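Please look over the sequence and the model that follow, and keep both at hand while reading.

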Amino acid sequence: MNYRTLVVGIVRANCYLVWNDTACVVIDPGDDFNRIEKALEEIGKPLKAILLTHGHFDHVGAVKELKERYQSVPVMLGAGDEELLREPERVYRGMLSRIPDKLHLQADRLLQDGDIIEVDGMCFSVLATPGHTRGSVCYLYEDVVFSGDTLFRGTCGRCDFYGGDSQAMRKSLEKLAALEGDRPVYPGHEDETSLEQERKYNRFMERKE
């Protein structure tokens with residue numbers, strides 16, 4: 001798998017660029033359009049899709065500028081998070097002092113559990129993992145899990161934000177734990193890990209036999 005990780009924005013979110021011989025996909029383009037655009041130019045493959053693991057501001061901050069720069073590129077998001085893009089005033093009340101215009105967004109495709117995204121020979125499977133937000137999803141690509149803010153090294157995403165649900169998070173982590181074999185996990189923040197590492201050492205992740 002060809003990929004690059006960019007740590008972007010004041011919350012230091014992980015933005016991933018994944019590409020093959022003919023296309024590039026961006027996962028969670030946080031608030032650093034210039035760095036993301038520069039990385040795309042260095043990779044030299046046309047941007048064909050923007051995949052969002054969820055709709056929080058630190059994962060979508062460069063979406064509007066990318067859409068303006070690459071106008072035919074579809075934005076894809078778990079259906080349960082549509083509200084986070086359409087009505088950020090409701091979502092971030094009490095969290096952000098000002099709602100920037102770039103957080104008013106619209107997804108081109110709303111995703112459901114089990115959906116398949118095909119981009120120039122790259123195939124991403126959608127795994128619905130609510131808990132951090134209602135519409136959080138993970139993307140399975142080859143043997144890798146892009147886990148967003150659902151699963152981190154040694155912990156999981158917070159459930160006390162708007163739309164969070166600790167019981168849903170528990171079920172989502174069980175769902176990830178039940179995936180076959182070991183897989184690298186690329187989270188929305190901080191360091192990479194693996195499913196087997198988290199099955200063994202993450203107290204939030206229990207595998208149901």
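Tyr3, Tyr16, Phe146 and Tyr186 are linked into a cluster by ring pairs, where rings of Phe, Tyr and Trp (for Trp, its six-membered ring) pair if their centres lie within 6.5 Å, and where planes under 30 degrees apart count as stacked, over 60 as edge-to-face and the rest as tilted. The model is a predicted one, in which local features need pLDDT of at least 70 and side-chain atom pairs count only at pLDDT 80 or more, while totals for chains, interfaces and linings use all residues. Residues are numbered from 1 along each chain as its sequence is written, and side-chain values use heavy atoms, with hydrogens and water left out.

Across the whole structure the search finds 6 aromatic pairs. One of them joins Phe57 and Tyr92 edge-to-face, with 5.7 Å from centre to centre and 85° between the planes. This pair links distant parts of the chain, 35 residues apart, since Phe57 belongs to helix α2 (residues 57–60) and Tyr92 to the loop between α5 (88–91) and β6 (109–111); helices (H or I, at least four residues) and strands (E, at least two) are DSSP runs, numbered from the N terminus. Tyr92 is buried, with a relative accessible area of 1%, whereas Phe57 is partly exposed at 22%; buried means under 20% relative accessible area, exposed over 50%, and partly exposed in between, with a 1.4 Å probe and protein chains only.

At least two lining residues come from each of β2 (13–19), β10 and β13, and the largest share, 3 residues, is supplied by β10.

Strands β10 (residues 144–148) and β13 (residues 184–187) run parallel and are joined by 3 bridges, with Phe146 standing opposite Tyr186 of β13. They belong to an open sheet of 6 strands with mixed pairing, in the order β7-β8-β9-β10-β13-β14, in which two strands pair if DSSP finds at least two bridges between them. Because β7 (116–119) and β14 (193–194) stand at the edges and have a single partner strand each, one side of each is left without a neighbour in the sheet.

Thr129, in the loop between β8 and β9, is buried, with a relative accessible area of 0%; leaving aside neighbours within four places in sequence, Thr129 is in contact (heavy atoms within 4.5 Å) with Ser136, Val137, Cys138, Thr150, Ser172 and Leu176. Most residues other than glycine have a negative phi. Arg12, however, has a positive phi of about 55°; this residue lies in the loop between β1 (2–8) and β2 and is exposed, at 55% relative accessibility. Asp120 likewise has a positive phi, of about 50°, and is placed in the loop between β7 and β8, where Asp120 counts as partly exposed at 38% relative accessibility.
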